Amino acid sequence: MTHDFAPRTARPAVQALAASRIRELANEGMGRPDVLKFWVGEPDEPTPEFIRRAAIASIERGELGYSHNLGIPELRDALAAYLAGLHGRAFAREEIAVASSGVNALMLAAQLLLEPGDRVVEVVPLWPNLQEIPRILSARVETVALRFGAEGWRLDLQELLERLTPGTRALFLNSPNNPTGWTIDREDQRALLEHCRRHGIWIVADDAYERVYFKSAFSSANKVAPSFFAIADPRDRLIGANTFSKAWRMTGWRLGWLVVPPTLEAPLAKLLEYNTSCAPVFVQRAGIAALQEGEPVIERDHARYRSTRDFLVGRLKEIPGVEVAVPEGTMYVFLRVAGAHDSLAFCKRLVREQGLGLAPGSAFGPHGEGYVRWCFAAREASLAEGVTRLRRALTTC
């Protein structure tokens, strides 16, 4: 009997995936307590205590078994009420499903829609996970690049509309955008929604940062970035993916949700079963607490991030060779650095020589090369020290 001992490999679409350059960079600083870590989107404060207590109480009640694939009814109803308050229209429980993180929600949305060879359009620079998810499913990803100038990052809407040709399966759009902070305005949203309706194109909206939006002062009337859900019909080809990670400081809890047309509820339940089955009940109880009691947390963090954003941008503008604009949303500044043509090598050098951890722009696609991303959800003193280290690095180049 002969045996085939040829090397075993993953399928080509998986082998072709880009490895995380942020992870590669983090490995450079592993075990170094002196490194200022601004490379990931995570606040330097913990999850609020009332959210933690809700999870503990659930564990103490013994809520440790499986739950409904789509999420416990109490959380789905709480999400429906929360979304109605944000977007000014009613949401039914049948439109909402609970996921095990925001990235899981995006993967589920892609699995719902995409076949191998389907054409997907994305606006870049963009969080690498969202760029690679369609490719895992062997879809074809084409991009439209934001443009950086004196007024910050801007979208050429006409270019995007021209790329959304008949036969395109989906537009994946992240706004406010990670890493640039660019946020689509209502007029452009209307144009995109009408165009996609005409051509039968799905819109998958990654709304992870919709509550971290600074263009308007935080108030009852201005507490969310422009959303397709405020202008769409429930029957539209629109899926929203969201997360508890950013608005409520719950990055490690791995809890997110999807908003889908009611006709997708049953197939989505099947997908959830074959992915993660369900989110843990005690984590879902924490989510309910966040939704029902968390507005003061969001308002307080909104003020804090606006302040640290303005502080960081102001300091960075004082450094020769740095170009930066004020982001409209998210917790990131995406800055262009003269001479950082290989942003990964530049960021590795910052870690080794200065103990400064920033994310390389190339992690967000080719259009991010020459830039670095800096998370400003941190104390002002830490940001100031980081600026000092960056200035020192550029002086000694």
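A crossing of two helices is left-handed if the near helix is turned anticlockwise from the far one by less than a right angle, and right-handed if clockwise. Helices (H or I, at least four residues) and strands (E, at least two) are DSSP runs, numbered from the N terminus. The model is predicted, so that local features need pLDDT of at least 70 and side-chain atom pairs count only at pLDDT 80 or more, while totals for chains, interfaces and linings use all residues. Residues are numbered from 1 along each chain as its sequence is written, and side-chain values use heavy atoms, with hydrogens and water left out.

**First stop: α4 and α10**

Select residues 73–87, helix α4, and residues 281–293, helix α10. Their axes (lines fitted to C-alpha atoms over the stretch in contact, with angles from 0 to 180 degrees between N-to-C directions) come within 9 Å and cross at roughly 25°. The two helices are therefore roughly parallel (an angle under 35 degrees) to each other. The crossing of α4 past α10 is left-handed. In contact (heavy atoms within 4.5 Å) are Glu74, Leu75, Ala78, Leu79 and Tyr82 of α4 with Gln284, Arg285, Gly287, Ile288, Leu291 and Gln292 of α10.

**Second stop: α3 and α10**

On the α3 side, the contact is made by Phe50, Ile51, Ala54, Ala55, Ser58 and Ile59; on the α10 side, by Val281, Phe282, Arg285, Ala286, Ala289, Ala290 and Glu293. By class, this contact has 10 nonpolar, one polar and two charged residues (Ala, Val, Leu, Ile, Met, Phe, Trp, Tyr, Cys and Pro count as nonpolar, Asp, Glu, Lys and Arg as charged, and the others, Gly among them, as polar).

Next, select Val40, Gly41, Trp127, Lys246 and Arg254, which lie nearest the centre of the largest pocket among its 35 lining residues. A pocket is an open set of points on a 1 Å grid over the protein atoms alone, where a 1.4 Å probe fits, with protein on both sides within 12 Å along at least five of seven lines; lining residues have an atom within 4 Å of a point. The space in this pocket is about 850 Å³, a volume being the space filled by probe spheres set on the points, which are joined across faces, edges and corners. Its lining comprises 13 nonpolar, 14 polar and eight charged residues.

**Last stop: the second largest pocket**

Finally, select Ala18, Gln131, Glu132, Ala363 and Gly365, nearest the centre of the second largest pocket. Helix α6 gives the most to its lining, with five residues.

How values were computed. Angles under 35 degrees count as roughly parallel, over 145 as roughly antiparallel, 65 to 115 as roughly perpendicular and the rest as oblique.
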